[in-house]
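This report takes a protein model apart piece by piece. Please look over the sequence and the fold before reading on.

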Amino acid sequence: MAKRDYYEVLGCDRGADETVLKASYRKLAMTWHPDRNQGNGEAEIRFKEVSEAYEVLKDPQKRAAYDRFGHAAFENGMGGPGGPGFGADFASTFADIFDDLFGGNMGARGGRGGAQGGRGRGADLRYNMEITLEEAFAGKAAEIRIPTSVVCETCSGSGAKPGTQPKVCRTCGGAGKIRHAQGFFTLERTCPACQGRGSMIEDPCQACAGAGRVTRERNLSVQIPAGVEDGTRIRLGGEGEAGTRGGVAGDLYIFLSIEPHPFFQREGADLYCRAPISMVTAALGGTVDVPTIDGEQTKVRIPEGTQSGKRLRLAGKGMPVLRSRAYGDMYVQVVVETPQNLTKRQRELLAEFDKECSSETHPESNGFFAKMKDFFQGAADE
């Protein structure tokens with residue numbers, strides 16, 4: 001099958017500079033990387049195609065030859081895409097892609113290749129957990145059950161039948177890579193026989209079919225610390241999927257969400273609630289009992305003449321601050337309730353009270369109407 005144009009493979013114009021080529025390559029390499037498309041043969045082909053195109057176009061000399069002669073520049077003894085130093089350049093580029101995919105240290109993440117003996121790092125797992133606001137306040141010891149891959153007990157994770165061992169790949173001699181010379185150039189590719197593992201299992205374990213791991217459900221104990229917020233992520237190192245053939249296990253990430261509370265609203269470590277009071281209590285002052293997040297009650301003093309919407313602060317009655325001994329505050333918003341379904345006598349008393357009121361009794365409303373009067377008077381004068 002005829003090769004596609006390298007610029008078409010990378011989705012770039014022929015005049016694209018090195019920065020554009022590199023950005024396009026990284027994006028496509030991450031999309032088609034075999035570790036993100038396990039078992040997808042087409043993805044592996046696309047990844048190799050993208051890597052080959054970039055290896056040529058990133059080198060000014062190779063790019064100039066390609067622009068002039070096309071793919072023929074690397075055929076019929078004129079050299080393959082790579083040339084002297086190709087192996088080192090490709091390894092560097094490959095490491096860059098691992099940095100983009102996994103956030104750094106390729107070796108620590110259990111990279112591919114013969115040096116790892118075919119061992120692959122297990123996948124990270126995600127578990128979503130919903131807790132109440134009270135549980136977020138006090139903390140919680142939880143038991144969770146997750147389906148995951150664990151090390152095969154029959155072969156102890158080797159993937160080989162008990163009593164046997166994986167053997168060095170005859171094709172690559174355990175390197176996981178093979179080299180092919182074309183003229184002055186040398187092309188290095190992943191060994192097709194062992195898929196870069198460097199070893200072959202001739203007699204696989206029947207329990208895990210040679211993978212070195214099996215699927216099981218596991219029970220785990222999780223300690224939720226006091227003060228966690230909605231969206232908090234808890235990492236349990238090594239509790240993800242088991243690695244292939246004895247590789248390092250992945251991690252388990254628990255994502256917390258907090259159920260809406262019928263009484264409290266939360267902002268950081270502070271809590272907010274609304275407390276209705278009668279207009280008599282608002283006018284004369286008094287106390288009102290309100291619940292707190294720890295399951296207790298506390299008395300809130302209502303000052304004389306309290307207006308609806310006023311917030312009263314209860315210091316230290318909020319949520320704990322994660323990983324500290326500090327606590328947030330609780331704010332009680334007073335809502336003055338207007339009486340309804342009045343009797344005839346109650347109406348008469350309120351009417352008598354209204355007659356006795358003066359501007360000093362309702363300073364805010366009297367001030368509002370005075371400003372409104374001045375506003376309309378000013379408009380009339382104009």
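The sections below go from the whole chain to helices, sheets and single residues.

## Model and conventions

This is a predicted model: local features need pLDDT of at least 70, side-chain atom pairs count only at pLDDT 80 or more, and totals for chains, interfaces and linings use all residues. Residues are numbered from 1 along each chain as its sequence is written, and side-chain values use heavy atoms, with hydrogens and water left out.

## Overall make-up

The protein has nine helices and 15 strands. Both are DSSP runs, numbered from the N terminus: helices are H or I with at least four residues, strands are E with at least two. Of its 382 residues, 35% count as buried. Buried means under 20% relative accessible area, exposed over 50%, and partly exposed in between, with a 1.4 Å probe and protein chains only.

Contact means heavy atoms within 4.5 Å. Among contacts with a separation of 6 or more, 63% come from residues 24 or more positions apart.

## Helix α2

Helix α2 spans residues 18–32, which makes 15 residues. From first C-alpha to last it reaches 21 Å, close to the 21 Å expected at 1.5 Å a residue. The expected span is 1.5 Å times one less than the number of residues.

The buried residues of α2 are L21, S24, Y25, A29 and W32. They cover an arc of only 130° around the axis, so they sit on the same side of α2. The arc is taken from the directions from the helix axis to the C-beta atoms. The face turned away from this buried side carries the exposed residues T19 and K27.

## Helices α3 and α4

Two packed helices are described by the angle between their axes and the distance between the axes. Helix α3 (residues 41–57) packs against helix α4 (residues 60–69) at an angle of about 105°, with the axes 6 Å apart. That makes α3 roughly perpendicular to α4. Angles of 65 to 115 degrees count as roughly perpendicular, under 35 as roughly parallel, over 145 as roughly antiparallel, and the rest as oblique. Axes are lines fitted to C-alpha atoms, for helices over the stretch in contact, and angles run from 0 to 180 degrees between N-to-C directions.

Which residues make the contact? From α3 come E55, V56 and L57; from α4 come K62, R63 and Y66.

Strands pair if DSSP finds at least two bridges between them.

Strand β8 (residues 233–236) and strand β9 (residues 252–258) run antiparallel, joined by four bridges. L236 stands opposite L252 in β9. Side chains alternate along β8.

## The four-stranded sheet

Another open sheet has four strands in the order β10-β11-β15-β14, again with mixed pairing. Its edges are β10 (265–267) and β14 (311–314), each with a single partner strand, so one side of each is left without a neighbour in the sheet. Neighbouring strands are turned by 30° against each other on average, direction ignored.

β14 pairs with strand β15 (residues 330–337) in the antiparallel sense over four bridges. L312 stands opposite V332 in β15.

## Residues to inspect

R213 is found in strand β7 (residues 213–224). Its C-alpha atom is separated by 8.9 Å from that of C155, 58 residues apart along the chain. Not counting residues up to four places away in sequence, R213 touches G122, S149, V150, V151, C152, C208, E241, A242, G243 and T244.

A209 has a positive phi of about 60° although it is not a glycine. A209 lies in the loop between β6 (199–200) and β7. Is A209 buried or exposed? At 67% relative accessibility, A209 counts as exposed.

R323 also has a positive phi of about 60° and is not a glycine. R323 lies in the loop between β14 and β15. With a relative accessible area of 78%, R323 is exposed.
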